[in-house]
Amino acid sequence: METVENLATLPLKDATLVRLTVEWQEGVCTADVRGSVRPGSRAARLRWTGVTSIEIPHGAPWGPSALILEGRGPLHNGRYEMTMQSGDMITVCATTCALELDPAGA
């Protein structure tokens, strides 16, 4: 796994968010993404640790979509944002974010 210094530098546009998982007791959130986040990769897993809050709206103000528009963060107070092409913004506040390419089961 590699540390993600800036979520905005990952080419998340048009990648599909397949699954978002929270391990409450461990304070871990993972996002399984399908699409080329790095050359030659077909899938990736973003893993946030030290999670203190998560917002997962699913109102689809721009219409239904599982595709990601862009990622940002860490911003103030360890806030990471993933804007979906549905218009929803998923927010995770955490101490770190790491990227795993082509994880099993993603």
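A salt bridge here is a side-chain nitrogen of Lys or Arg within 4 Å of a carboxyl oxygen of Asp or Glu. The model is predicted. A search of the whole structure turns up 5 salt bridges.

Start with Asp-14. This residue pairs with Lys-13, and their closest N and O atoms are 3.9 Å apart. The pair counts because the cut-off is set at within 4 Å. Asp-14 itself is partly exposed, at a relative accessible area of 46%.

Move on to Arg-19. Its partner is Asp-32, with 2.5 Å between the closest N and O atoms. Arg-19 is partly exposed, with a relative accessible area of 36%. Asp-32 is buried, at 2% relative accessibility; the label follows because buried means under 20%.

Arg-45 joins Arg-19 and Asp-32 in a network of salt bridges.

Now turn to Arg-79. Its salt bridge is with Glu-81, and the closest N and O atoms lie 2.8 Å apart. Arg-79 counts as partly exposed, at 27% relative accessibility. Glu-81 is buried, with a relative accessible area of 8%.

Asp-32, which pairs with Arg-19, is buried. Glu-81, which pairs with Arg-79, is buried as well. Both arginines, by contrast, are partly exposed: Arg-19 at 36% and Arg-79 at 27%.

Notes: Residues numbered from 1 in each chain as written. Predicted model: local features only at pLDDT ≥ 70, side-chain atom pairs only at ≥ 80, totals over all residues. Heavy atoms only, no water. Buried < 20%, exposed > 50% of the residue type's maximum accessible area, 1.4 Å probe, protein only.
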